[in-house]
Amino acid sequence: MTIIRNQDDFNTAAAKAEVLVESLPWMKKFRDKIIVIKFGGNAMVDAALFQAFAEDVVYLRYAGIKPVIVHGGGPQINEMLGRLGIESEFQGGYRVTTPEVMNVVRMVLTGVVNPQLVDAINQHAPLAMGISGEDGGLLQAAPAAPVMVENTTIDLGLVGEITRVRPDAVHHILENGMIPVVSSIAPNSAHPGQSLNINADTAAGALAAALGAEKLVMLTDVAGLYAAWPDPASLISSLTLSELQEMLPSLADGMIPKMRACVTALSAGVQKASIVDGRVPHSVLLEILTNNGIGTEIVPDTAAAPRTSSIAVIPSP
C-alpha cells in the first residue's frame, strides 16, 4: 500500500532539512573543538528547559564537538538555605559566604545539582561524568578581595578567586569521549582542608582559558548584554573585548561576574564568548549551530591579540 503524504508534510520536512543544512558549516568549524558552557539561571529550575539543555549537550557531543559544562546552583542553594533558616545575601554580584553557608553550597552543588545534571544527560546516552573543582586538583583558589558597594567595603567571606587550573582530569574525560560536568567549588590554597565558593561564571571563564577552548557560552536569564539596561532597544548583538572592558564599571552587579569571565577567556586566547538567554528552549544549539545565533557575542580585538592570564595553568606531567 502506498500512502501519499500531503504538501504540508513535505513543507515541514523541507524546513527541517534547511535547518540541518544550516548547521553543517558550524559542525565543521567546531568539530573536535572544546566549547565550555556555563549552565545556570532559569534553565536550572524549569524542568522543560533543563531537559532541553541536556538534549543540546548530547547533540553537540554526537556532532563531534567537545562540550564542557560548568554549573552553578543559585536557586537550589537559596531553597536549601531557606529550608534551614540560614540567611544569605549578595553583594557586588557575589554571595557572601559564611562557613555555615559554605557547607550548604558545597552540599547542594556537588551532592544535588551535579548528579541531577549528569543523570539528565545520561538518560540520552551514558556520556556525562560529574567532577568538582576540588577533584584531581582541577581548581585552586584564594579568598576573594573585599568588594566596594555604595562606598562600603564588603567582606565576601569564603568566596574564592581562582589562582590555578590543572585541567588534566577534564582532558582525560574528553579524551574518553565523555562530557565533563563541573561544579564550582575549589580548595583554599591558603588553608588546606577548607573549601571556597567559586562563582560559576568565574569558574567557566577560567576553565575555558586553561583548556584552550574555542568558545565560551554563558547561559543567563536575560536576552544578552544591554548598553542601557533594561531598555530592550539597547540589546548589543556583538562587541569587542576592549569595548566590553570599557563597559565593565557601568554594568549591573549580576552581569559583572559573567563579563569578567568573558574577559578572562578572551584574554587567554578563546576565540569567542557568548551571553545567551537560557529561558529560550534549545538556546545552546541556536547559538552554536545557526547562522544568526542569539544573545550577545564578544570577540577579541584582533585575531593576533596577545594571550594573557593571571591564572596559572598546570601542564600535564
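Helices and strands here are DSSP runs: helices are H or I with at least four residues, strands are E with at least two, and both are numbered from the N terminus.

Now the ground rules. This is a predicted model, where local features need pLDDT of at least 70, side-chain atom pairs count only at pLDDT 80 or more, and totals for chains, interfaces and linings use all residues. Residues are numbered from 1 along each chain as its sequence is written, and side-chain values use heavy atoms, with hydrogens and water left out.

First, the whole chain. It has nine helices and 17 strands. The C-alpha trace spans about 75 × 45 × 40 Å along its principal axes. For 317 residues, a compact globule would have a radius of gyration near 20 Å, and this chain has 20 Å, so the two agree. That radius is taken over C-alpha atoms, and the globule rule is 2.2 Å times the number of residues to the power 0.38.

How much of the chain is buried? The share is 50% of the 317 residues. Buried means under 20% relative accessible area, exposed means over 50%, and partly exposed is in between, with a 1.4 Å probe and protein chains only. The chain exposes about 14,900 Å², and carbon and sulfur atoms supply 54% of that. Those areas come from the Shrake-Rupley method with a 1.4 Å probe; for residues, only the protein chains shown count as cover.

Next, contacts, meaning heavy atoms within 4.5 Å. Take the contacts with a separation of 6 or more. Residues 24 or more positions apart account for 75% of them.

Let's turn to helix H6, residues 200–211. It has twelve residues. From first C-alpha to last it reaches 16 Å, close to the 16 Å expected at 1.5 Å a residue. The expected span is 1.5 Å times one less than the number of residues. How many residues of H6 are buried? Twelve of the twelve, so H6 is largely enclosed by the rest of the structure. Among them are Asp201, Thr202, Leu207 and Leu211.

Look at the ends of H6. Asn199 caps the N-terminal end, with a side-chain oxygen 2.8 Å from the backbone nitrogen of Asp201. After the helix comes Gly212, with a positive phi near 65 degrees.

The buried residues of H5 are Asp168, Val170, Ile173 and Leu174. Their cover includes H6 and strands S1, S2, S5 and S10. H5 is followed by Gly177, and phi there is positive, near 75 degrees.

Now compare helix H3, residues 74–84. Here Gln76, Ile77, Met80 and Leu81 are buried. What does the face turned away carry? It carries the exposed residues Glu79, Gly82 and Arg83. The cover over the buried residues includes strand S4 (94–95) and helix H4 (99–122). Just after H3, Gly85 has a positive phi of about 70 degrees.

Between S4 and H4 there is a loop, and Thr97 lies in it. Is Thr97 buried or exposed? Its relative accessibility is 1%, so Thr97 counts as buried. Its side chain makes a polar contact with the side chain of Asn197, at 3.1 Å. A polar contact is a pair of N or O atoms within 3.5 Å; within protein, one must be able to donate a hydrogen and the other to accept it, and residues adjacent in sequence count only if both atoms are side-chain atoms. Beyond four places in sequence, the residues in contact with Thr97 include Met102, Leu156 and Val159.

Last stop: backbone angles. Most residues other than glycine have a negative phi, and most peptide bonds are trans. Where do we see something else? Glu150 has a positive phi near 50 degrees and is not a glycine. Asn151 is not a glycine either, and its phi is positive, about 65 degrees. Glu150 sits in the loop between S7 and strand S8. Asn151 lies in the loop between S7 and S8. Glu150 is exposed, at 77% relative accessible area. Asn151 is exposed, at 75%.

And the peptide bond from Trp229 to Pro230 is cis, with omega near 5 degrees. Find Pro230 in the loop between strand S13 (215–220) and strand S14 (238–240).
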